Amino acid sequence: MLLSSCATPSERFAQAASALGLKELTLRTDRFAHRIYHRAGISKNTADKTLHVYLDGDGSPWLQKRWIADDPTSRNPIILKLIAQDSAPSILLGRPCYHGFSHTEPCHNKFWTSHRYSAPVVESMASALVQWLETADFNEIALIGYSGGGTLAVLIAPYIDKVKTVVTVAANLDVKSWSELHGYMPISGSLNPVSGPLLPSSIRQFHFTGGKDDNVPPFITDAFVKSRNGGQAIVYSDFDHQCCWAEAWPSILEKIQSCCASEGLSGFGRLYDQ
């Protein structure tokens, strides 16, 4: 317990992942290093040909909204609670400069503040995933992103042909509107999903939001869905930004699987799920 309390956010995240039986490896692109967490043997002769790729949120870019964090890795990794309940082949694809790499070249704190969704970040994450896929045999990819990870899921999807499903949870899909809502400085060096390229119609999109989320309110997701033909905005009326996605995750996965199996996206719009 003493060692854990003295550990960095990256070390605590790794400890939590290990406790869930996840292994870690490092992949390097031509720009950044990425940590990947996975279950042992995931790439070996799996009968399930769909891979779930989880993308974590922004973590803690700032401390007390005043100081830039030395290590932005998530202090409360909800993403691990999600992946732990997913029986499908799954990996967690780490962001540049997170998970112990914040002091390595060419990392700079702009890559977890103003440039957190920038082209170099998006392209490097896509490259790392393509590199990992060379060791595996999957026909389809589902990108699943929580919070800022959902932002990245939408931005990464066009780079990888095997992506057939994008799932976002409490995701910031309009960076400009989100910054204005909170009175934050514009995330000037980042891409904005709502003004980026349209995703192909062949990609199924599910965008889950919490009716009580005051960090990323449902109207931000609504705007993305309406302007981009972006699949379904599914509102859980009693949820906020953190509660209660982990508790509901098994049932949410069932809904996604059922919908994908029946190709049940009959249009675009907003759904309520009590």
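Reader: How many nonpolar, polar and charged residues does the lining of the largest pocket have by class?

Author: The lining of the largest pocket has twelve nonpolar, 15 polar and five charged residues, where Ala, Val, Leu, Ile, Met, Phe, Trp, Tyr, Cys and Pro count as nonpolar, Asp, Glu, Lys and Arg as charged, and the others, Gly among them, as polar. Please keep in mind that this is a predicted model, in which local features need pLDDT of at least 70 and side-chain atom pairs count only at pLDDT 80 or more, while totals for chains, interfaces and linings use all residues. Residues are numbered from 1 along each chain as its sequence is written, and side-chain values use heavy atoms, with hydrogens and water left out.

Reader: What makes a space a pocket, and which residues are the closest to the centre of the largest pocket?

Author: On a 1 Å grid over the protein atoms alone, a pocket is an open set of points with protein on both sides within 12 Å along at least five of seven lines, and its lining residues have an atom within 4 Å of a point. The largest pocket has a volume of about 990 Å³, a volume being the space filled by probe spheres set on the points, which are joined across faces, edges and corners. Of its 32 lining residues, Asp58, Gly59, Pro61, Arg116 and Trp178 are the closest to the centre.

Reader: Why is the contact between Asp58 and Arg95 called a salt bridge?

Author: The term requires a side-chain nitrogen of Lys or Arg within 4 Å of a carboxyl oxygen of Asp or Glu, and the side chains of Asp58 and Arg95 meet at 2.9 Å, N to O, so the pair qualifies. Asp58 lies in the loop between strand 3 (50-55) and strand 4 (62-63) and Arg95 in the loop between strand 6 (90-93) and helix 4 (119-133), so the pair ties together parts that are 37 residues apart in sequence. Helices (H or I, at least four residues) and strands (E, at least two) are DSSP runs, numbered from the N terminus.

Reader: How do you know whether Asp58 and Arg95 are buried or exposed?

Author: Buried means under 20% relative accessible area, exposed over 50%, and partly exposed in between, with a 1.4 Å probe and protein chains only. Asp58 has 11% and Arg95 has 3%, so both count as buried. By contrast, Lys212 counts as exposed at 54%; the side chain of Lys212 meets that of Asp238 in a salt bridge at 3.9 Å, N to O.

Reader: What makes helix 5 mostly covered?

Author: Nine of the nine residues of helix 5 (residues 148-156) are buried, among them Thr151, Leu152 and Ile156.

Reader: How do you know what span helix 4 should have?

Author: The expected span is 1.5 Å times one less than the number of residues, so the 15 residues of helix 4 should span 21 Å, and its end C-alpha atoms are 21 Å apart, which agrees. The buried residues of helix 4, including Val121, Met125 and Trp132, pack against strand 1 (22-28), strand 2 (33-39), strand 3, strand 6, strand 7 and helix 5, contact meaning heavy atoms within 4.5 Å.

Methods:
On a 1 Å grid over the protein atoms alone, a cavity is a set of points where a 1.4 Å probe fits but cannot get out, and a pocket is an open set with protein on both sides within 12 Å along at least five of seven lines; lining residues have an atom within 4 Å of a point.
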